[in-house]
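Dear colleague,

Please find below the structure that I am handing over to you, followed by an account of what was found in it.

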Amino acid sequence: MLEIKGAFSSFAVRDIEEARKFYRETLGLDASDVPGMSGLLQLALPGGAKVLVYPKPDHAPASFTVLNFDVPSVERTVDALARQGVRFEIYRDGPVKTDAKGISRDPGGPTIAWFRDPAGNILSIVEQRR
């Protein structure tokens, strides 16, 4: 059996400095260098989780959500991020649909909106039903 001391998630970006600026200045996250590991970025998330962000020059974004942020209000968060220039994905076809602001309000699921980081990675803000 595997002896696990901890776990973390990671994803790639094309430009680490562009990512640092976006995650720190636009999203307000603690985005810092990884001690002893040159060229890597660490996102410290609320609740204590850490995500490793690494550069990959030939990066191709995934077609799925790589990071979800639980927020108290998707509506207010969409408005705040839109004022900072973040564009939300509009989904008209397929199983999930969004309104003109990019918010999915499926009565059977959470309120959620998707957007992309500068490398094209898909992120979401989610308002859980409590």
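This is a predicted model: local features need pLDDT of at least 70, side-chain atom pairs count only at pLDDT 80 or more; totals for chains, interfaces and linings use all residues.

Leaving aside its neighbours within four places in sequence, with which residues is alanine 113 in contact? The answer is Val74, Val78, Phe88, Gly102, Ile103, Leu123, Ser124 and Ile125, where contact means heavy atoms within 4.5 Å.

Residues are numbered from 1 along each chain as its sequence is written, and side-chain values use heavy atoms, with hydrogens and water left out.

The overall picture is as follows. The chain has two helices and eight strands, in the order β-α-β-β-β-β-α-β-β-β from the N terminus. Helices (H or I, at least four residues) and strands (E, at least two) are DSSP runs, numbered from the N terminus. Along the principal axes, the C-alpha atoms fill a box of roughly 45 × 40 × 25 Å. Of the 130 residues, 38% count as buried; buried means under 20% relative accessible area, exposed over 50%, and partly exposed in between (1.4 Å probe, protein chains only). Among contacts between residues at least 6 apart in sequence, 52% join residues at least 24 apart.

The largest nonpolar core has 28 residues, of which Phe11, Tyr23, Leu43, Leu67 and Ile125 touch the most other members. Such a core is a set of buried Ala, Val, Leu, Ile, Met, Phe, Trp, Tyr and Cys residues joined through side-chain atoms within 4.5 Å. Elements that give two or more residues to this core include β1 (9–13), α1 (16–26) and β7 (111–116). The largest share, four residues, comes from α1.

Helix α1 deserves a description of its own. Its buried residues are Ile16, Ala19, Arg20, Phe22, Tyr23 and Thr26. An α-helix has 3.6 residues a turn, so residues three or four places apart point the same way. Aspartate 15 caps the N-terminal end of α1, with a side-chain oxygen 2.9 Å from the backbone nitrogen of glutamate 17. Just after α1, glycine 28 takes a positive phi of about 75°.

Alanine 113 is buried because its relative accessible area is 0%. Tyrosine 91 is 22 residues from alanine 113 in sequence, and their C-alpha atoms are 9.9 Å apart in space.

Serine 104 lies in strand β6 (residues 103–104). Serine 104 counts as buried because its relative accessibility is 5%. Leaving aside neighbours within four places in sequence, its contacts are Val96, Lys97, Thr98, Pro110, Thr111, Ile112 and Trp114.

Is alanine 80 buried or partly exposed? Alanine 80, which lies in helix α2, is partly exposed because its relative accessible area is 28%. Alanine 80 and glycine 109 are 29 residues apart along the chain, and their C-alpha atoms are separated by 23 Å.

Yours sincerely,

A colleague

Terms used: A polar contact is a pair of N or O atoms within 3.5 Å; within protein, one must be able to donate a hydrogen and the other to accept it, and residues adjacent in sequence count only if both atoms are side-chain atoms.
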